[in-house]
Amino acid sequence: MKYPSTQVTTTTTTTTATANKNTFLYNQLLIPKFTIISLFFLFLFIITMAVIETEIKSKDSSNNNSFINSQGKVSSSGVAVLALIPSQTIIASSDLHRKKISSSTGTASMTPVSSLLHLVPSQSIHSSSSHQKDLGSHHVNRKGVGHAFSQSLVRKNSYALLMADLDDSDDATDQQDHHDDASLPTTSVDDQILVVDNIPTITYDNLQPPKKVARNSTIQRNHHPTTSQSKKKKLKKKKQKRNKPSFVNHGDIPDVYWRAIPMEHLRSHPLYVPLPHPDTIRRIHSLEQVRTFRQDSWQWDELHRGRCTTSQAAPALGFLEPHAAKVLGIPRSLQNGCMGAFERLRQPALRTLEDMNRILTTGGNGGDKKLHQVWRDMDESAVFYPFAAKYLPCVSLEEMCRRKKEARRYVRDMTSHMRIRMSWGNCQEATAILTALNYFARDDRTLKVKEVGMCGAGLNVNELVEKTTSLLVGASPDSVIEYSDGTLEVLEVKNHCPFVPSEWIKSSKKKPGKYRIRELPLQASVPAAYVPQLMMEMLCCGDNCRSAIMVRQTATSGAIILRIRRDDEWIKEMMYWLQRFTDNYVNKNEPPPHNFFWEGGEESKRYRSFVNRTKAISEEVELVEHVRNNDIQRMLGENGLCLPLFLDQIES
């Protein structure tokens, strides 16, 4: 076998001599042909294996830019130690390593990291926290140390610095870490390399102790930011699944008595002062004494005839007219106009004490006159009981089945969906009053919540009139809170009905049932339409009443307790416009036009200023407390009986 000559020259003598020389060497060595071929293939095999190994290592390092070193630890003193395993060492100067680092004596001389780590821009340091910084090649950032010491030094080639695993959930490991770290030498150098058990490691001094990592927590192991859009969407979906209601939110038979505590039971509460049974009242000695008639009596209804009470104040003030309602933010569903107030004030009213005694003290209400002993008073030793008294009754399955039959018949004969919403407010009223009682009794165990009827009949504005056409006012708070220092606050509760007709909700998913559960977030404000009601209640309860409490309660989202202050100037303006409504329209028997008081006339500017002031008062409200749903005292089911919002779920 002859190798081709590798050099071509123009001299024939030189070429011939070279060829003869190669032939001589080949013949002298006497190497067989098969030996040369074997060496060639062996050399080729070694090169191939080296290339494959290099590719495998490169692939592993690119898929794991940063990962956790199982030997990396953080001591209890706050010193984080990040270890480099041999397969992922960072290129360092071997001379400096031999000169500066020694583990034979048990101590270590320190060398700055910047002199040993040769990091190029493509091998920059990355942080998995939200505050990413390019740390360069001169210092290491300590601000990124968080609950899992999430910094990682990433190289895009085959070199990587392993992150420390800060899983403090294993107590035995923590104790061993503390024992090991106690033996480490201390130094004033900030960034140092330390040899522990012949393994070069990096220590960070003067670090704050990291927070403990929960067992089910995860550490980000790639270089992508944790706040990416895909992760946000996943977290949002998980949160939506978590916040899904655990109850059935659709059905045909709403339970308006759902876990409601009846008023006849609230009257026997240790901190509640009830009114006497109306049939026991044989005579009243003053006009103001008509407040002793309960709000569920026929006498209370009779006192409303011909009188401007809180339910008719907003319509008579023109707040439900289109222009004023738009300024006040009153929804269209409540813009019913003023004709109800116009017809009410045209009715004959009870004005004298003689007429009231002759008509109202005749009895005729019936019902049980005894109080039900259904409460157990909790003394101050019961520090863990969240309520002022323990409610003893529970609802049974038989009672729920009976209620289901009555509710099915009620829903079948119902002509308007609004009846469901009004019935919910009436049935849940005592439960909302109890929410306020339990909250304020925490700070004042001697306060009393008093039941009242229609107040204000004895006001000067009502006593001084003798004509049959003058304005009469009155107000019926849900209760009055009397504190131990003698101050008063009127209490008004609003129960937001959770039942909404399915036809009112536009949804692509059609679910069975005529009603759905929908509760909007509670706002820490008093709707402007309720400002006249609260101000008139404070007026009718006397000068000692300087504020009002409103409780807005839901079925599934808890309740909020609000406080609104008395504004005497606004009350004077209210009485002025109510008198104008009576003189201009009621006494003349002329129905008022649309947007009366707002359009035309010289006083429209004054009226618009009054409307704007009403809007401002509705926003100047104090948020007293947001009561969680579990902190509302309600009736429980017997023997753990589940009480659904829809009676469809009750199986007889």
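# Contacts, rings and helices in a predicted model

Reader: What share of the contacts with a separation of 6 or more comes from residues 24 or more positions apart?
Author: A contact means heavy atoms within 4.5 Å. In the protein chain, take the contacts with a separation of 6 or more. The share from residues 24 or more positions apart is 75%.

Reader: What pLDDT do local features need in this predicted model?
Author: Residues are numbered from 1 along each chain as its sequence is written, and side-chain values use heavy atoms, leaving out hydrogens and water. Totals for chains, interfaces and linings use all residues, side-chain atom pairs count only at pLDDT 80 or more, and local features of this predicted model need a pLDDT of at least 70.

Reader: How many helices and strands are in the protein chain?
Author: Both are DSSP runs, numbered from the N terminus: helices are H or I with at least four residues, strands are E with at least two. The protein chain has 19 helices and 22 strands.

Reader: What percentage of the 652 residues counts as buried?
Author: Buried means under 20% relative accessible area, exposed over 50%, and partly exposed in between (1.4 Å probe, protein chains only). Among the 652 residues of the protein chain, the buried share is 42%.

Reader: Is S479 buried or exposed?
Author: S479 sits in strand β15 (residues 479–482). Beyond its neighbours within four places in sequence, S479 contacts Y272, I433, V449, K450, V452, V490 and L491. Its relative accessible area is 0%, so S479 is buried.

Reader: At what angle do helices α13 and α14 pack?
Author: Axes are lines fitted to C-alpha atoms, for helices over the stretch in contact, and angles run from 0 to 180 degrees between N-to-C directions. The axes of α13 (residues 397–413) and α14 (residues 418–427) lie 10 Å apart, at an angle of about 135 degrees.

Reader: Which word describes α13 relative to α14?
Author: Angles under 35 degrees count as roughly parallel, over 145 as roughly antiparallel, 65 to 115 as roughly perpendicular and the rest as oblique. The angle between α13 and α14 is about 135 degrees. Therefore α13 is, relative to α14, oblique.

Reader: Which residues of α13 and α14 make the contact?
Author: The contact holds three nonpolar, one polar and two charged residues. Ala, Val, Leu, Ile, Met, Phe, Trp, Tyr, Cys and Pro count as nonpolar, Asp, Glu, Lys and Arg as charged, and the others, Gly among them, as polar. From α14 come R419, I420 and S423, and from α13 come Y410, V411 and D413.

Reader: What kind of aromatic pair do Y585 and F596 form?
Author: Rings of Phe, Tyr and Trp (its six-membered ring) pair if their centres lie within 6.5 Å; planes under 30 degrees apart count as stacked, over 60 as edge-to-face and the rest as tilted. The structure holds 19 such pairs. Y585 and F596 are 5.7 Å centre to centre, with 70 degrees between the planes: edge-to-face.

Reader: Is F596 buried or exposed?
Author: F596 lies in the loop between α18 and α19, 11 residues from Y585 in helix α18. Y585, at 13% relative accessibility, counts as buried. F596 has a relative accessible area of 2%, so F596 too is buried.

Reader: Which charged residue lies over the face of Y576?
Author: A charge sits over a ring if NZ of Lys or CZ of Arg is within 6 Å of the ring centre and within 35 degrees of the ring normal. K494 does this at Y530, 4.5 Å from the ring centre. Over Y576, at 3.9 Å from the ring centre, lies R606.
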